[in-house]
Amino acid sequence: MNVAIAHEWLLTYGGSERCVEQMLEEFNVTKLLTALVRPDALPPSFRTARPTLLQHLPGAVDHHEWTLPLLPFAWAALPAISDVDIVISSSHSCAKSVRIAPGIPHVCYCHTPMRYAWHWEEERKRLPAALQPAGRLAMSAFRRWDRWTAQNVDRMVANSSAVAERIRRFYGLDSAVVHPPVKTDFFRPGEGERHGFLHVGRLVSYKRADLVVEAFRGLPHELTVVGTGQLENELRATAPGNVRFIRSVTDEELRELYRSSLGLVFPGVEDFGIVMAEAQACGTPVIASAAGGARDIIRDDSGWLLEKPTIESIRKAVALAAREPFQAEDIAAAAAARFSEERFRTELRAVVEETLASKAR
């Protein structure tokens with residue numbers, strides 16, 4: 001089949017781009033559309049991407065967040081997709097609104113419904129206070145538009161059960177769940193001993209690295225924090241002596257950190273949480289909030305879900321992880337079965353073929 005893909009923007013190589021990369025490998029993709037593209041930041045397979053007119057707007061590539069009000073118009077300005085058998089949108093904002101010729105089915109792989117619109121109270125802090133009233137009105141309009149465009153999708157696919165719940169609540173639609181791909185042939189258990197704990201992620205408020213750092217104050221275990229962000233300086237200045245910081249790592253270095261840790265501590269709530277799945281693929285148990293994607297990733301034999309992540313609850317889980325380690329090979333085998341790249345391609349192809357068959361009837 002000939003497939004067209006519409007992806008939000010191609011500016012970095014992250015979790016959503018890895019999903020698109022697997023789509024490019026699995027399907028005969030004849031068109032790849034995106035709002036904005038930075039070719040030098042991407043693997044060669046992305047370099048046929050066709051951007052919208054926003055690509056020519058000065059500063060748009062470097063400050064894509066400020067183009068949000070223009071995104072619906074930019075996608076609408078593209079010619080309707082034709083001459084393909086099916087369209088797959090990879091969407092967390094406006095990509096699912098891509099114009100499609102009549103009769104061509106549309107599958108949306110939804111990373112999350114538009115966060116700016118549906119979680120406005122959490123996101124409004126990104127704007128200066130003077131602009132927040134206008135932002136509130138704009139997001140109210142965006143919610144109506146976002147729900148309307150979702151009704152034009154033939155089949156919704158969510159990246160986690162948590163996102164499927166949001167799709168049902170915000171759009172009134174059911175969705176299949178296909179978890180994002182993890183490089184489980186690369187992220188595998190090692191042979192060395194394990195010691196200390198790990199936190200990986202941007203150092204921003206909702207990731208709750210501050211909670212993790214404070215929980216290790218006075219504990220007899222080391223904590224390694226990997227990442228940068230607006231909280232970095234504050235955390236470095238106040239962290240106890242058993243906490244070390246690493247700003248960035250290669251994939252090989254990250255794999256070694258997973259392999260050598262007694263556990264990953266990750267109290268932030270994520271749509272899916274690729275870091276948790278990578279850690280599990282390396283046989284590392286995870287301590288996380290009982291919310292978001294963690295509910296799909298962590299099982300009773302692979303970590304601890306905290307109903308309410310607090311300093312005390314993290315301390316208790318860390319003590320258990322240090323005293324009663326799980327079997328790394330069992331954790332890794334379960335993760336490989338549930339999160340591998342091959343599994344992602346197989347499950348997504350099944351949804352695509354089912355949608356094509358339903359449309360043909």
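**View 1. In this predicted model, His199 of strand E8 stands opposite Val225 in strand E9.** E8 covers residues 197–200 and E9 covers residues 223–226, and the two strands pair in the parallel sense over 4 bridges. To get from E8 to E9, the chain passes through helix H7 (residues 209–215), making a β-α-β crossover that is right-handed. Look at the side chains of E8 and you'll see Phe197 and His199 pointing one way, with Leu198 and Val200 pointing the other way. Buried or exposed? All four of these residues are buried.

**View 2. Strand E8 also pairs with strand E11 (residues 263–266).** Here the pairing is again in the parallel sense, over 2 bridges. Leu198 has Leu264 as its bridge partner in E11.

**View 3. Helix H9 (residues 251–260) has several buried residues.** They are Leu254, Arg255, Leu257, Tyr258, Arg259 and Ser260. What covers them? The cover includes strands E8 and E9, along with strand E10 (243–246) and helix H10 (274–281).

**View 4. Asp83 is another residue with a positive phi.** The value is about 60°, and Asp83 is not a glycine either. This residue sits in the loop between helix H2 and strand E4 (86–91). With a relative accessibility of 66%, Asp83 counts as exposed.

**View 5. Seven strands line up in an open sheet.** Reading across, the order is E3-E2-E1-E4-E5-E6-E7, and the pairing is parallel. Which strands form the edges? Those are E3 and E7 (175–177), each of which pairs on one side only. Further in, 4 bridges join E5 (residues 106–110) to E6 (residues 155–158). Tyr109 has Val157 as its bridge partner in E6.

**View 6. Arg38 lies in the loop between strands E2 (28–34) and E3.** It is partly exposed, since its relative accessible area is 24%. Arg38 and Leu11 are 27 residues apart along the chain, yet their C-alpha atoms are separated by 4.9 Å. Leaving aside residues up to four places away in sequence, Arg38 touches Leu10, Leu11, Val61 and Asp62.

**View 7. Leu57, Leu70 and Phe73 make a nonpolar patch on the surface.** Together they have about 300 Å² of accessible area. Leu57 belongs to the loop between strand E3 (50–51) and helix H2 (71–77). Its relative accessible area is 37%, so Leu57 counts as partly exposed.

**View 8. Arg343 is a buried arginine in helix H14 (residues 341–360).** Why is it called buried? Because its relative accessibility is 9%, under the 20% cut-off. Which residues does Arg343 touch? Not counting residues up to four places away in sequence, the contacts are Val178, His179, Pro180, Pro181, Ala337 and Arg338.

Definitions and conventions:
Residues numbered from 1 in each chain as written. Predicted model: local features only at pLDDT ≥ 70, side-chain atom pairs only at ≥ 80, totals over all residues. Heavy atoms only, no water. Patch = residues over 30% accessible without salt bridge, like charges linked within 9 Å, V, L, I, M, F, W, Y side chains within 5 Å. Areas by Shrake-Rupley, 256 points an atom, 1.4 Å probe, with all protein chains shown as cover. Salt bridge = Lys/Arg side-chain N within 4 Å of Asp/Glu carboxyl O. Buried < 20%, exposed > 50% of the residue type's maximum accessible area, 1.4 Å probe, protein only. Pairing = 2+ DSSP bridges. Right-handed = clockwise from strand over helix to strand, strands pointing away. Contact = heavy atoms within 4.5 Å.
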